[in-house]
Amino acid sequence: MSRVTFAIIGFFGAALVLYWQVQVKRSQMEASTLPAPARPDFIANDLRTTEFNEQGLVQSRVSAKYMEHFQQSNETMFTEPVYLIYPENGEAEWQLSADLGKLNNETGKVVLENNVIIDAINIDEPLQSLTTTMLALDMNTMILTSDRQIFVTGSDFNIQGLGLYADLNAQELELLSQVEGTYEAK
């Protein structure tokens, strides 16, 4: 073999080795790259929205200081949300507020976290206020649940317990365990 043949084989061999090194480095970089954080599809400041049920009655009103909607996961994140809840009879009865909220648009479930407060709108309601650190609301069934410590304040009583199940349509509330309370007769 001549020198030219050796030079051509050497040239192609070096090119093959360099190409292989570039591919190895590229695959290492792709493997170490973290996925980019999800970016919202749209955002809103000082949001106010109203949702209606199938009969055309108001189901809920939501206001929030800040909102981000993620189309891919079909979730909406809220900062300082305030929900006015309208059970089946069509009149606002409860106001829910929290520091953070997350709505799953597919399931209709809202999770409120940090400084969750539920206030009765009607001052004659026996149960006036409920506080906790986390609460889940199914907007389709109007059922509230929580596995956290719950504090309930009424016109003449204070109750605390662990865990909550409440059906807003049936106007039933149950603290699930470790219930303690005080009642003041007038």
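Helices (H or I, at least four residues) and strands (E, at least two) are DSSP runs, numbered from the N terminus. Everything below comes from a predicted model, where local features need pLDDT of at least 70 and side-chain atom pairs count only at pLDDT 80 or more, while totals for chains, interfaces and linings use all residues. Residues are numbered from 1 along each chain as its sequence is written, and side-chain values use heavy atoms, with hydrogens and water left out.

**Close-up A. The loop between β8 and β9, with Met 142 in it.** The strands on either side are β8 (127–138) and β9 (143–154). Met 142 isn't a glycine, yet its phi is positive, near 60°. Is this residue buried or exposed? Met 142 has a relative accessible area of 4%, so it counts as buried (under 20% is buried, over 50% exposed, and anything in between partly exposed, using a 1.4 Å probe and protein chains only).

**Close-up B. Asp 138, a residue of strand β8.** With a relative accessible area of 16%, Asp 138 also ends up buried. A polar atom of its side chain sits 2.9 Å from the backbone nitrogen of Asn 140. Skipping residues up to four places away in sequence, Asp 138 touches Thr 107, Gly 108, Lys 109 and Ile 143 (contact means heavy atoms within 4.5 Å). Take Lys 109: it is 29 residues from Asp 138 in sequence, but their C-alpha atoms are 4.4 Å apart.

**Close-up C. The largest pocket and the residues around it.** Rolling a probe the size of a water molecule over the atoms shows where empty space is left. The largest pocket comes out at about 290 Å³, where grid points are joined across faces, edges and corners and the volume is the space filled by probe spheres set on the points. Its lining has 19 residues, and Thr 49, Glu 51, Phe 78, Leu 103 and Asn 105 lie nearest the centre. Which strand gives the most to this lining? That's β1, with five residues. At least two residues each come from β1 (42–52), β2 (58–70), β3 (75–79) and β6 (100–104). By class, the lining holds nine nonpolar, nine polar and one charged residues (Ala, Val, Leu, Ile, Met, Phe, Trp, Tyr, Cys and Pro are nonpolar; Asp, Glu, Lys and Arg are charged; the others, Gly among them, are polar).

**Close-up D. A run of antiparallel pairings, starting with β1 and β2.** Two strands pair if DSSP finds at least two bridges between them; β1 and β2 have ten. Leu 47 is bridged to Ala 64 in β2. Five residues separate the two strands of this hairpin, and Gly 56 there takes a positive phi near 90°. Next along, β2 pairs with β4 over four antiparallel bridges, and Val 62 stands opposite Tyr 83. β4 in turn pairs antiparallel with β5 (residues 94–97), again over four bridges, with Tyr 83 facing Leu 96. Leu 96 has another bridge partner, Ile 118 in β7, where β5 and β7 run antiparallel and share four bridges.

**Close-up E. Strand β4 (residues 82–85) and its two faces.** Tyr 83 and Ile 85 make up the covered face, while Val 82 and Leu 84 are on the uncovered one. Glu 80 is in the loop between β3 and β4. Its phi is positive, about 55°, although Glu 80 is not a glycine. At 40% relative accessibility, Glu 80 counts as partly exposed.

**Close-up F. His 69 in strand β2.** His 69 is buried, because its relative accessibility is 7%. A polar atom of the His 69 side chain is 3.4 Å from the backbone oxygen of Glu 75. Leaving aside neighbours within four places in sequence, His 69 is in contact with Pro 40, Asp 41, Phe 42, Asn 74, Glu 75, Thr 76 and Asn 105.

Note on methods
1 Å grid on protein atoms, 1.4 Å probe; cavity = no way out; pocket = protein on both sides within 12 Å on 5 of 7 lines; lining within 4 Å. Polar contact = N/O pair within 3.5 Å; in protein donor to acceptor, adjacent residues only side chain to side chain.
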